[in-house]
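The entries below follow the order in which I looked things up.

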Amino acid sequence: MCGIVGYIGKRDVAPLLLEGLQRLEYRGYDSAGMVVTSPKASGLKMVKAKGRVRDLEARVPKRFTGTTGIAHTRWATHGAPSDVNSHPHLDPENKVAVVHNGIVDNAAELRAKLEADGVVFASETDTEVITHLVARSQAETLEEKVREALKVIEGTYGIAVMHADFNDRIVVARNGSPVILGIGEKEMLVASDVAALIAHTRQVVTLDDGEMATLKADDFRTYTTSGATTTATPETVEWEAASYDMGGHDTFMHKEISEQPDAVDRVLRGRIDDRFSTVHLGGLNLDPREARTIRRIKILGCGTSYHAGLIGAGLIESLARIPADAEPASEFRYRNPVVEPDTLYIAVSQSGETYDVLAAVQELKRKGARVLGVVNVVGSAIAREADGGVYVHAGPEVCVVSTKCFTNTVTAFALLALHLGRIRDLSVTDGKRIIEGLRKLPAQIEEILKGEDEIKRLAEVYAGAQSMMFIGRVRGYPVALEASLKLKEISYIHAEAYPASELKHGPLALIEPALPTVAIVPDDDLLEKNRAALEEIKARSGRILAVAHQPQEKADHTIVVPKNEDELDPILMGIPLQLFAYHTALAMGRDIDKPRNLAKSVTVE
């Protein structure tokens, strides 16, 4: 959730840190701060501010110079947003500075012990506990001081630590929250997200849980929290700095919606095998013999990734005829699930760092389960923990709400379902049919995007609603769930999603002219059933916006989308509703890329 940026080298560090924080604004935060020093400095200099990075920048003194520094954007957990609760946190002697992503679970216990020893806390945060533990350590090196502190910490962390007595280095550590090193020429960087590094280097090292690193201007080394040396080989990031710019769009969300034709083309590129009417997914590490032993598939994700998993489960059941279902990872890991040897588990996460999903993966691995990952970020924690998987190749997604990554994830599930289906009982004819449908997707998405002006007009019509209902059946229901989530995330309009078949079991009580319904009405074998639901709503004076393959007589308005194969229609039917949510929020004056209370990458529980 929060963002970390650090630098050690020869350049003036404050502008570089501010630039890095600006690139991490999409992650969600309520305050920001930084500490700087240099080899010749006598101590640490700090500036912090509640609010946006621009508020921090306005407070930076003219002579706030240095060549080493750490900076942070905070998303409040312990203590309300305020200047004093902002990171970094210093000890009373202004020698130790700490920035921290994550949560210290035993913070209250440690705080009580430190206060009993006479320590006076300046903030309400759990992070300040780490600062005092490092400052009070009697160890001779900064590495040992940090290691001692981490021995008593319970919880998750990605931390960066500076010390005035060791101003030639930054020490970092990871447990459940991302820490990425950037390897430069006579300079080193660290961040919680590659977005903050990409303007300066494309050579990165991603720390594993339980790993630490020491950064100096011309060197770095990695080791475990117990002190054992580890081997770190830098990898080249495939994305470029321009990927994190708006590219002429007013918001990142609009840019990312418009990128979907190219993004879907990327996830398909090089994977289709026309000879055998199947696809190549080389990263699965699952040979055909093993694939045929799978008796059930369980998909785990959170939020949008969970919704993509619901569509993915339907694709797998339809094409591969393997029983499949999806479940929120945050619930799965706490219900002591039965882990069966012939069940394949699939973890879904845009960032590859979502804490609840990662924790579920680790629990499954502990119990001997086979786990695949469907992620967007190469080298992310879930990608490394999983036995294999599929990268969705959506490219960087900066807006807090997911659009192109959702679409690419569902497309990746279609590839996986086709792959498993052709290993099992899916015919060559059906394989060809799905491949032809997949190839049509980029052009069909482009066609939908060309209708943006009409979708904008409809969004302005419905923007005055206090609440909205979204309905769909079978394949359409997960689309309704995702569309409902998108609307509430960025417009703050209350929205609920229900299976259309469930209307008569309660939700019909809500129907009235003031509550519009968005109905997903694909032209499939349930068309007449969906039309019957529209009749029920219309009989109660409800307003209806339909997303369909043909105009719907009972709807007040219809957004018509191109028809693909029945199995692939959900991929297309979600696209106009992304634009609908976008333009509704725009009409209401919302901060679209940074919706209130939310963060892009949820790395705390």
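I began with Glu187, which is buried at a relative accessible area of 11%, where buried means under 20% relative accessible area, exposed over 50% and partly exposed in between, with a 1.4 Å probe and protein chains only. I noted before going on that this is a predicted model, in which local features need pLDDT of at least 70 and side-chain atom pairs count only at pLDDT 80 or more, while totals for chains, interfaces and linings use all residues. Residues are numbered from 1 along each chain as its sequence is written, and side-chain values use heavy atoms, with hydrogens and water left out.

Glu187 sits in the loop between β9 (180-183) and β10 (188-191); helices (H or I, at least four residues) and strands (E, at least two) are DSSP runs numbered from the N terminus. I found a polar contact of 2.6 Å between the side chains of Glu187 and Tyr7, a polar contact being a pair of N or O atoms within 3.5 Å, of which, within protein, one must be able to donate a hydrogen and the other to accept it, and residues adjacent in sequence count only if both atoms are side-chain atoms. Apart from neighbours within four places in sequence, Glu187 is in contact with Tyr7, Ile8, Gly9, Arg11, Gly182 and Ala217, with contact meaning heavy atoms within 4.5 Å.

I then turned to helix α5 (residues 142-151), which is largely enclosed by the rest of the structure because seven of its 10 residues are buried. The buried residues are Leu142, Glu143, Lys145, Val146, Arg147, Ala149 and Leu150, and they pack against α4 (127-136), β7 (157-163), β8 (170-175), β12 (211-216) and β13 (219-224).

The axes of α9 (residues 304-320) and α13 (residues 404-423) come within 8 Å and cross at roughly 25°, where axes are lines fitted to C-alpha atoms, for helices over the stretch in contact, and angles run from 0 to 180 degrees between N-to-C directions. That makes α9 roughly parallel to α13, since angles under 35 degrees count as roughly parallel, over 145 as roughly antiparallel, 65 to 115 as roughly perpendicular and the rest as oblique. Among the residues making the contact I noted His307, Ile311 and Leu315 of α9 and Phe406, Val410 and Phe413 of α13.

For α7 (residues 260-268) and α14 (residues 428-449), I read a packing angle of about 170° with the axes 8 Å apart, and these two helices are therefore roughly antiparallel to each other. The contact is formed by Gln260, Pro261, Val264, Asp265 and Leu268 of α7 with Leu438, Leu441, Pro442, Ile445, Glu446 and Leu449 of α14.

I checked the peptide bond from His87 to Pro88 and found it cis, with omega near 0°; Pro88 lies in the loop between β4 (68-74) and β5 (89-90). His393, although not a glycine, has a positive phi of about 55°, and this residue, in the loop between β21 (388-391) and α13, counts as partly exposed at 24% relative accessibility. Val474 is also not a glycine and has a positive phi of about 55°; I located Val474 in the loop between β22 (467-472) and α16 (476-491), where it is exposed at a relative accessible area of 61%.
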